[in-house]
Amino acid sequence: MELYVIRHGQSLANATRTHAGWAQVPLTEAGIAQARQTGRFLQSIRFDRILVSDLLRAVQTARTVFPGRVFESDPRLREISVGTLAGRSTSECQATLGKSYVQNRTAQDFTPYGGENLDQLLHRVVEFMESLQGAPSDARIAAVCHAGTAFAMLCHVLGCRPERNAADVSNCGVCVFRFSQAHWSLVKWNETGSADTRN
């Protein structure tokens, strides 16, 4: 079974360097264009299921990448919750919250602000991945989600936590994981099918 993980297109929060977390943030026009490009990139692949984070930016991406297709909403695919930081710019947070904010953001620990940490994100992402393990061996499943979600999947598959900056995912980047013989492996990381920059 192959799992194609697709990050959403550029959101308004991406464009303004603002924390989004679980906020219902829309795509920008650039994000919609990225999703159309990814739709062309993936159009020759037959997907048996399409699962989508219930956050607006992922839903809009799925509708654009897979026009007319029925998809399943799954809140386990949400981005990491940033709690009360949602809607605040990273520069403002750094100026007002100081060094502790920078350390927490680097560690992906938003619990001081009422959000999640990486372990909590990993827990629900692993639960999601385990729920797919009974799929037929030739199944192809798409999951439209977020950079943090894809990173958590990578951590689970590799059994370690690489540097986040070294494992970034572009808007509408595609990552492919394979489940075979009771084992997950990484097939591709951050394919875009275009020269889009990371935003």
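I start with a hairpin: strands E5 and E6 form it with two residues between them, and Gln181 in the turn has a positive phi of about 50°. Strands here are DSSP runs of E with at least two residues, helices are runs of H or I with at least four, and both are numbered from the N terminus.

This is a predicted model, where local features need pLDDT of at least 70 and side-chain atom pairs count only at pLDDT 80 or more, while totals for chains, interfaces and linings use all residues. Residues are numbered from 1 along each chain as its sequence is written, and side-chain values use heavy atoms, with hydrogens and water left out.

E5 and E6 run antiparallel and are joined by six bridges; two strands pair if DSSP finds at least two bridges between them. In E6, His183 is the residue opposite Ser180.

Next, the cores. A nonpolar core is a set of buried Ala, Val, Leu, Ile, Met, Phe, Trp, Tyr and Cys residues joined through side-chain atoms within 4.5 Å, and buried means under 20% relative accessible area (1.4 Å probe, protein chains only). The largest nonpolar core has 36 residues, and Met1, Leu3, Val5, Phe128, Met153, Phe177 and Trp184 touch the most other members. Two or more residues of this core come from each of E1, H6, E4, H7 and E5. Which element gives the most to this core? H7 does, with seven residues.

There is also a second, separate core of 17 residues, including Ala35, Leu42, Phe47 and Val176.

Now the pockets. On a 1 Å grid over the protein atoms alone, a pocket is an open set of points where a 1.4 Å probe fits, with protein on both sides within 12 Å along at least five of seven lines; lining residues have an atom within 4 Å of a point. A volume is the space filled by probe spheres set on the points, which are joined across faces, edges and corners.

The largest pocket has a volume of about 950 Å³. Of its 32 lining residues, Arg105, Gln108, Ala147, Arg164 and Asp168 lie nearest the centre. H7 gives the most to this lining, with three residues.

The second largest pocket holds about 170 Å³ of space. Its lining includes Leu42 and Phe47, two residues that are also in the second core. H2 gives the most to the lining of this pocket, with four residues.

Note on methods: Buried < 20%, exposed > 50% of the residue type's maximum accessible area, 1.4 Å probe, protein only.
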